[in-house]
Amino acid sequence: MGRMGDRATLLESGRFERQHSGGASEAFDDADAAPDLTGAWNTVGMDFAEAAADTVEAEARHRRAADTGDTASMSVLGAMLLRRGDLDAAEPYLRAATADGDRAAANNLGVLLHQRGYPDEAAGWWRVAAVAGSAAAAHALGRHHRERGDEPAAEYWLRQSAEQGHALGAYALADLMEHRGDAGAERWLRAAAEQGHREAAYRLARALEKRAPQGTSQDDPAATEQPDGAGGTAAADGAEQWYRQAAARGHRRAALHLGAILEKRGELKEAGRWYLMAAKGGEPRAACALGFLLRDAGDEDSAAVWWLRAAQEGDGNAANALGALHAARGEYQTAERWYRAATDAGDVNGSYNLGLLFAAQGRTAQAEQWYRRAAYAGHREAANALAILLLQADDPHGAEPWFSKAAEAGSVDAAFNLGILYAGRDDDRAALGWYERAAAAGHTEAALQVGMARLREGDEQEAERHLRCAAGGGSAEAAFRLATVLDARQPPPEPHTLGQPQTPKSECEEWYERAAEQGHRRAQVRVGMLAAARGDVAEAGRWYREAAEAGSRNGAFNLGLLLARDGNEREAALWWSRAARAGHGRAALRLALLAARRGELAEGRRWCARAVELGPAEVAERAARLSEALHQELTA
């Protein structure tokens, strides 16, 4: 069980908190040119001294013209003073220009009045400007109506603004329509995004990503499978395009999502670049994701720096990662502190990880307390761990409901553990049901149990299917049992003769070898027997020795046979002695015969008695006859 939490939770599954595109003060209108939020009214890229000089010169020029009654200059001068925050100086110029019919001045007068705290009077001037064709004023008026709950009026004016190509109007209209669940919101998001509105680009990307199939969507559990695979792929590609556009304009969450897409695709260097941009901009989840990227690259120290930054900003996943890092270093007090920080941040993995930490230290009472806390919060692996803890405390009835809760929540381990619990009660039907459920979710040991159950029932085909799944998942026992099923179908091997070419290995032998290489003793003995049948004595001896050294009595007996055949009876006797002491009757009989040939009659009778005791019947009968003969010779 990992301690870092689920990495899939780095990105929110729902919609991020939305912010409106600002107050009505963002609706300046200078000759009907609506500014982009990202640029506002600032002249970006100019030298500050030059920009200041130009502003001073322009203001003086417009002031001279305005004093002579020039309407356009009064409007521009009023806007300049308004931008500077000099409302008292701006108001008379804007009012004079508005009286002369300048719609930009009417819009900006509305902005000024809104800033002074007169929203109703501001709305009146916005209406004047909007009726005269100002898209910015229509946007501001629509926002005004929405803030007052008049959604029909808001939609009317926002649509007027959007249809004139105003990016903020299109975005605000899309936001209103999405809020009401109306169709067509995506169209206006796209219109705003195409004009460079970064929040619209981000939200359009989110909408497209949610429409993509699960196999294409990036880290969004809310995405649902779509029947049109090509359309889903196009949606995912479109999402990346709009994330990229928003991120390039400095949108932190877009950079975070873009990084996740690139990371999933294996483009780690570019993913790290976008994570870094978002993290430097103050996005804690990006700092956390960057930390994971650095850790996976082997740079734990740099990872810890970014996790620390994210954790200090309240990211529970980063706090969990720091806790795991310190726990791996044996710094348990520091690990505990970070796990508690994760819990305080609302990350249920923090409680679960505290349980794991205390359980590893033998602090069972504290472990149970934190497992319960996480389990009550819906953490399925915590529920499973709590059940195991209760089972170890000899409380199977207390464990069962927690196993059930975890299994119903999707914990594969809990389903398997329920199978073990019911099997211990001899309720094979219920046990098999849970084993099958876990096996269907890919649990290797559960697949092995199902395969063995089907073998007992005589359903060899179904047994083979499950054994193959378990063996493919790395189970040595499943590989061995699958090999025995396949072995039973093969015709008896023909005796090997000298000079005869070796036959290729069968599938069953390959499975025996896979199990043997994983340390399965019975498989090692069987591989040795197959090698011996092929005439490969060296290979047979190697596998018999591995099995014998691992404690296999059959391996020790067969190794003794090979050694005795080579004339090394002394070492053969050592391996037979080991096998006999482990309960191998034939090994005891061999030792009795060896002692008899050496004239050690009493020793021979002792091994005969051991062979009679161990059996099987054929061995016991031969050992009894040999013992009688040795007795007669001793008493002669």
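How many helices and strands make up the secondary structure of the protein chain? The count is 34 helices and 0 strands. The model is predicted. The protein chain has 636 residues, and buried residues make up 47% of them. The structure holds 51 salt bridges, some of which are described below.

- Taking contacts between residues at least 6 apart in sequence, 49% join residues at least 24 apart.

- Arg159 and Glu155 form a salt bridge in which the closest N and O atoms are 2.9 Å apart.
- Both residues belong to helix H7, which covers residues 151-163, and because they are 4 residues apart there, about one helical turn separates them.
- Arg159 has a relative accessibility of 24%, so this residue counts as partly exposed.

- Glu408 and Arg437 meet through their side chains in a salt bridge, with an N to O distance of 3.4 Å.
- This pair links distant parts of the chain, 29 residues apart: Glu408 lies in helix H21 (residues 396-408) and Arg437 in helix H23 (residues 428-440).
- Glu408 is exposed, at 54% relative accessible area, whereas Arg437 is partly exposed, at 39%.

- Side chains of opposite charge can pair when their charged atoms come close.

**Arg581 and helix H31**

- Helix H31 spans residues 569-581 and includes Arg581.
- Is Arg581 buried or exposed? Arg581 is exposed, its relative accessible area being 60%.
- The C-alpha atom of Arg581 is separated by 9.0 Å from that of Arg610, a residue 29 positions away along the chain.

Technical notes
Residues numbered from 1 in each chain as written. Predicted model: local features only at pLDDT ≥ 70, side-chain atom pairs only at ≥ 80, totals over all residues. Heavy atoms only, no water. Helix = DSSP H or I, 4+ residues; strand = E, 2+ residues; numbered from the N terminus. Buried < 20%, exposed > 50% of the residue type's maximum accessible area, 1.4 Å probe, protein only. Contact = heavy atoms within 4.5 Å. Salt bridge = Lys/Arg side-chain N within 4 Å of Asp/Glu carboxyl O.
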